[in-house]
Amino acid sequence: MSLAVLVGETVGRAVPVVAGVLGAGGVAVAALPARVRMRAELRRRWRTWALAAPLFLGAFWAGPAGAFVLAAGLGAVAVGEYARMAALPRAERAVLWAAAVLLPAAAWAAPDTLDVRVVGGLLLVAALPALFSGDAAHGFTRAARTVFGLLWIPVSLTGLVLLGDTAVAVGVAVAFGDVGAWCGGTALGRRGPLARPLSALSPNKTWAGVLGSAAATASALAAVGAFTPLLWLAVLTGCVLGDLLESMVKREAGVKDAGTWLPGFGGLLDRIDSLLLALLVTMAVTL
């Protein structure tokens, strides 16, 4: 069976699941009384989900070309947000933007070319701007931040193309996991051992949220017919650690959000931070 057929079948299973959850969520959010403090924010988040879900699933429905366009588009925006937070010079930004398009393109057109030689080339290219500028004061920091950005964003998003039907399952499960974490934290994270924060980087992320995310990701993977213990652990790792990873970057940059344009979330990185790490871990354990 071809990859395109497998992806189409997974999208076909995901559409009614996502539509049902969005519909139920829309009714619940619309019914919230005015006294609920987060009502306006929850409504903004639901509208963003309602727009993002068909774009994500529609890209995969269009086949490998659609997955490439999705990966390149997300990468271009996310790289811009990261480069601003990391205060990268223009040359390093150009490297990241080029990688955001070229790596998914290679995954689409010639996936066999993506091997250890590409990794070595990325490390070299990331260091070249600092090396040729002779920046003795900040050159290593610039190169290190560029390498991190390459791995975190373009390399991770390449998984949208390489993973095929698994990428659809991962994307849906991460979305459910983020909602599950919020529900778990709200319902169980007010007191007791489950209220303990995972890290000082993000005090609102508690063990109750991990429990909620674990249940939601398992349910989502099962609903789209993709559950395996290994894939579930990969997705859960992304959901739990992806947000903390971005929080670390934002805290050093001294910003609350990666951007301001995405209603209810902030920037694109604030929305896909868990997806990035989940894709990277999934590629590591499945490819």
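The stops that follow name a selection and then describe what is found there.

**Before starting**

This is a predicted model, in which local features need pLDDT of at least 70 and side-chain atom pairs count only at pLDDT 80 or more, while totals for chains, interfaces and linings use all residues. Residues are numbered from 1 along each chain as its sequence is written, and side-chain values use heavy atoms, with hydrogens and water left out.

**Stop 1: the whole chain**

Select the entire protein and colour it by secondary structure. The protein has 11 helices and zero strands; helices (H or I, at least four residues) and strands (E, at least two) are DSSP runs, numbered from the N terminus. From the N terminus on, the order of elements is α-α-α-α-α-α-α-α-α-α-α. The radius of gyration is 19 Å, close to the 19 Å that the globule rule gives for 287 residues, so the protein is as compact as a globular protein of that length. The radius is taken over C-alpha atoms, and the globule rule is 2.2 Å times the number of residues to the power 0.38. Along the principal axes, the C-alpha atoms fill a box of roughly 60 × 50 × 30 Å.

Now switch to a surface display. The protein exposes about 13,900 Å², of which carbon and sulfur atoms supply 69%; accessible areas come from the Shrake-Rupley method with a 1.4 Å probe, and for residues only the protein chains shown count as cover. Of the 287 residues, 46% count as buried. Here buried means under 20% relative accessible area, exposed means over 50%, and partly exposed lies in between (1.4 Å probe, protein chains only). Among contacts (heavy atoms within 4.5 Å) between residues at least 6 apart in sequence, 71% join residues at least 24 apart.

**Stop 2: the salt bridges**

Next, display the side chains of Lys, Arg, Asp and Glu. Side chains of opposite charge can pair when their charged atoms come close. A salt bridge is a side-chain nitrogen of Lys or Arg within 4 Å of a carboxyl oxygen of Asp or Glu. The count by this rule comes to 10 salt bridges.

Select Glu 252 and Arg 145, whose closest N and O atoms are 2.8 Å apart in a salt bridge. This pair links distant parts of the chain, with Glu 252 in helix α10 (residues 229-253) and Arg 145 in helix α6 (residues 139-157), 107 residues apart. Glu 252 is exposed, at a relative accessible area of 61%, whereas Arg 145 is partly exposed at 28%.

Move on to Lys 256 and Asp 257, which form a salt bridge with closest N and O atoms 3.8 Å apart. Lys 256 is exposed at 70% relative accessibility, and Asp 257 is partly exposed at 29%.

**Stop 3: Asp 243 and its surroundings**

Which residues does Asp 243 touch, not counting residues up to four places away in sequence? They are Ser 202, Lys 205, Gly 238, Asp 273 and Ser 274. Asp 243 lies in helix α10 and is buried, with a relative accessible area of 15%.

Lys 205 forms a salt bridge with Asp 243, the closest N and O atoms being 3.1 Å apart. The two link distant parts of the chain, 38 residues apart: Lys 205 sits in the loop between α8 (165-188) and α9 (207-223), and Asp 243 in helix α10. Lys 205 is partly exposed, at 31% relative accessibility.

**Stop 4: Leu 211**

Select Leu 211 in helix α9. Leu 211 is partly exposed, at 47% relative accessibility. Leaving aside residues up to four places away in sequence, Leu 211 touches Leu 188 and Leu 194.

**Stop 5: the loop between α3 and α4**

Is Ala 86 buried or exposed? Ala 86, in the loop between α3 and α4, is buried, with a relative accessible area of 7%. Ala 87 is in the loop between α3 (64-85) and α4 (90-109) and is exposed at 58% relative accessibility. Most residues other than glycine have a negative phi. Phi of Ala 87, however, is near 55°, a positive value in a residue other than glycine.
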